[in-house]
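Me: I am new to this structure, and I would like to learn how to read a few of its features, beginning with the aromatic rings.

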Amino acid sequence: MKMNLKKQFILRFLVGMPIGLLICYFITLFISIGVGDGNFYPVPTELTNLCKSQLNAVIVQTIAGMIYGGMWGGASVIWEVDSWSLTRQTVTHLIVISVTSFPIAYVMRWMPHNIYGILIYCAIFLFIYFGIWLGTYCKIKAQIKQINSKINS
């Protein structure tokens with residue numbers, strides 16, 4: 001079983017990598033819209049300054065985006081550990097994803113580097129995370145109810 005989870009992690013990591021690139025693209029699109037001057041910024045200006053060129057910054061962001069998406073994909077195997085409670089799965093998944101997502105978001109300059117920016121990032125992250133979790137939970141609960149009603153009839 002453990003080898004199967006390892007293989008699943010690797011497969012899902014690889015599938016998640018291009019999804020991470022897509023997420024990075026949309027983040028830079030939203031940042032560009034937020035700047036509001038009509039230009040597209042493929043990376044935040046602060047990251048370009050840090051990396052000494054826009055090309056270097058895009059390369060760094062591409063690698064970070066692939067890691068970001070890969071970890072989200074790979075971490076989904078946590079939901080396959082049937083011996084764990086839903087609470088343990090959720091907490092473990094949240095920790096793994098947070099430990100991956102926050103440093104990448106911070107280094108990529110997707111948030112202001114001050115306490116306010118960090119708090120806003122964390123609030124948005126947790127809001128989206130638990131919104132997706134709640135939606136998934138309700139969907140699965142409805143499916144279980146439907147299965148049970150078919151069994152009972």
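Reply: By the pairing rule, under which rings of Phe, Tyr and Trp (its six-membered ring) pair if their centres lie within 6.5 Å, the count comes to 14 aromatic pairs. This is a predicted model, in which local features need pLDDT of at least 70 and side-chain atom pairs count only at pLDDT 80 or more, while totals for chains, interfaces and linings use all residues. Residues are numbered from 1 along each chain as its sequence is written, and side-chain values use heavy atoms, with hydrogens and water left out.

Me: How is phenylalanine 26 placed against phenylalanine 30?

Reply: A pair of aromatic rings is described by the distance of the centres and the angle of the planes. Phenylalanine 26 and phenylalanine 30 form a tilted pair, 6.4 Å centre to centre with 35° between the planes, where planes under 30 degrees apart count as stacked, over 60 as edge-to-face and the rest as tilted.

Me: Why are phenylalanine 26 and phenylalanine 30 separated by about one helical turn?

Reply: An α-helix has 3.6 residues a turn, so residues three or four places apart point the same way. Phenylalanine 26 and phenylalanine 30 are four residues apart in helix H1 (residues 2–35), helices being DSSP runs of H or I of at least four residues, numbered from the N terminus.

Me: Is phenylalanine 30 buried or exposed?

Reply: Buried means under 20% relative accessible area, exposed over 50% and partly exposed in between, with a 1.4 Å probe and protein chains only. Phenylalanine 30 counts as exposed at 55%, whereas phenylalanine 26 is partly exposed at 38%.

How values were computed: Helix = DSSP H or I, 4+ residues; strand = E, 2+ residues; numbered from the N terminus.
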